Amino acid sequence: MESEKQDIPTYNLAIAIEFLGTNYRGWQRQKEVTGVQEVLEKAISTVANETVEVIAAGRTDAGVHAGNMIAHFVTCAYRPTHNWLRGINSLLPDDIALRWVQPMQTDFHARFGAIARRYRYITLNQAARPAILNHQVTHIHEPLDVAAMQLVAADVAGTHDFSSYRAAACQSNQPIRTVSHAKLFTHGAFIVFDIQADGFLHHMVRNLMGTLHAVGRHELQPSDFLTILAKKDRTIAPPTASGDGLYFINAYYPEHYQQLLPVSPLTPLWLNLPE
């Protein structure tokens with residue numbers, strides 16, 4: 001029987017997941033609360049008719065969204081790609097959906113193979129609070145100084161020790177990360193912080209956004225960011241920004257994998273931003 005099991009072929013499938021994180025306690029499967037991973041694994045396991053584990057490129061916090069979370073799962077079940085997509089999506093709740101399914105080489109790993117990850121944080125800066133976009137953006141009613149915030153964003157790029165911007169519960173064994181770009185720009189009443197790095201510490205983007213908001217309110221000067229960074233002390237940085245405005249928008253892989261993955265428009269789609 002053991003040799004028969006070994007003869008059964010397995011399939012490694014990459015997927016892109018879109019979800020609103022408002023009703024979930026983050027990506028990761030947990031015992032007492034519901035994570036996106038648990039809901040997705042139940043749907044995929046039903047279609048595969050076997051227990052399946054889904055491994056994602058990153059882990060999101062409670063309330064955080066994703067537009068193109070790359071993940072993979074290994075299964076002994078063969079299904080045509082369109083059957084995987086339609087079958088899984090038919091079993092998922094309205095706030096989680098697959099964007100695509102792509103067969104990959106057996107050595108593709110969504111988490112350990114990723115060379116970069118990218119997030120966008122959306123702040124709606126207007127007097128009136130939103131209704132339709134409630135929990136999909138962070139609303140700040142007082143005018144923010146965007147030019148001052150852009151000075152800070154420019155200083156975020158590069159290789160730094162981000163100890164001042166990691167959560168106390170962060171499990172990473174070292175706090176140094178290389179940020180390849182950190183752009184802050186306006187799009188109508190929206191302020192968009194677009195950041196890409198080789199990896200992120202727990203709460204790193206939300207903690208950085210807390211400082212950006214403080215600078216935008218003139219509670220801090222732009223130069224204070226580098227001072228806080230150099231101190232390597234989380235307690236001297238401003239509070240963590242809400243998870244409402246944060247989106248995981250993509251993960252990137254070495255070229256021999258990347259060329260196989262479908263290209264999807266970057267989210268959130270309702271912003272209609274240039275790529």
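Helices here are DSSP runs of H or I at least four residues long, numbered from the N terminus. Keep that in mind for labels such as α5 and α6 in the loop that holds H218. The model on screen is predicted.

**Stop 1: H218**

Select H218. It sits in the loop between α5 (204-216) and α6 (224-231). Most residues other than glycine have a negative phi. Now show the surface. H218 is exposed, because its relative accessible area is 54% and the cut-off for exposed is over 50%.

**Stop 2: H135**

Go to H135 next. This histidine also has a positive phi, of about 75 degrees, although it is not a glycine. Find it in the loop between β5 (116-125) and β6 (138-140). Is H135 buried, partly exposed or exposed? Its relative accessibility is 33%, so H135 counts as partly exposed.

**Stop 3**

Take residues 15-112 on their own. The end C-alpha atoms lie 15 Å apart, and the span is 24% helix and 28% strand. Then take residues 154-254. Here the end C-alpha atoms lie 26 Å apart, with 24% helix and 31% strand.

**Stop 4: D61**

Select D61. The UniProt annotation "active site", from an unreviewed entry, covers this residue. D61 lies in the loop between β2 (55-56) and β3 (65-75). Its relative accessibility is 14%, so D61 counts as buried. What does D61 touch, leaving aside its neighbours within four places in sequence? Show G26, H202, H203 and R206: these are its contacts.

**Stop 5: Y119**

Move to Y119, in strand β5. For "binding site", UniProt lists Y119, again in an unreviewed entry. Y119 has a relative accessible area of 8% and is therefore buried. R59 is one of them. Next come F193, D194 and I195, then F200 and V205. The list also takes in L246, Y247, F248 and I249.

**Stop 6: Y252**

Follow strand β10 (residues 246-252) to Y252. Is Y252 buried or exposed? Y252 counts as buried because its relative accessibility is 19%, and the cut-off is under 20%. Draw a distance from the C-alpha atom of Y252 to that of A57. The two are separated by 9.1 Å, yet they are 195 residues apart along the chain. Beyond its neighbours within four places in sequence, Y252 is in contact with A114, I115, A116, R118, Q196 and Q258.

**Stop 7: V33**

Select V33, in the loop between β1 (11-19) and α2. With a relative accessible area of 32%, V33 is partly exposed. Leaving out neighbours within four places in sequence, its contacts are R25 and E38.

**Stop 8: α2 against α3**

Show helix α2 (residues 36-48) and helix α3 (residues 81-91). They pack at an angle of about 130 degrees, with their axes 9 Å apart. The two helices are therefore oblique to each other. The crossing of α2 over α3 is right-handed. Which residues make the contact? From α2, pick L40, A43, I44, T46, V47 and A48. From α3, pick W84, G87, I88 and L91. By class, this contact has eight nonpolar, two polar and no charged residues.

**Stop 9: α4 against α5**

Finish with helix α4 (residues 146-156) and α5. Their packing angle is about 150 degrees, and their axes are 8 Å apart. That angle makes α4 roughly antiparallel to α5. α4 passes α5 in a right-handed crossing. α4 supplies A148, M149, V152, A153 and V156. They meet L208, M209, L212, H213, V215 and G216 in α5. The tally by class is nine nonpolar, two polar and no charged residues.

Note on methods:
Residues numbered from 1 in each chain as written. Predicted model: local features only at pLDDT ≥ 70, side-chain atom pairs only at ≥ 80, totals over all residues. Heavy atoms only, no water. UniProt positions renumbered as here; feature names shortened; annotations may be inferred. Buried < 20%, exposed > 50% of the residue type's maximum accessible area, 1.4 Å probe, protein only. Contact = heavy atoms within 4.5 Å. Axes fitted to C-alpha atoms, helices over the stretch in contact; angles between N-to-C directions. Parallel < 35°, antiparallel > 145°, perpendicular 65-115°, else oblique. Left-handed = near helix turned anticlockwise from the far one by under 90°. Nonpolar A, V, L, I, M, F, W, Y, C, P; charged D, E, K, R; others polar.
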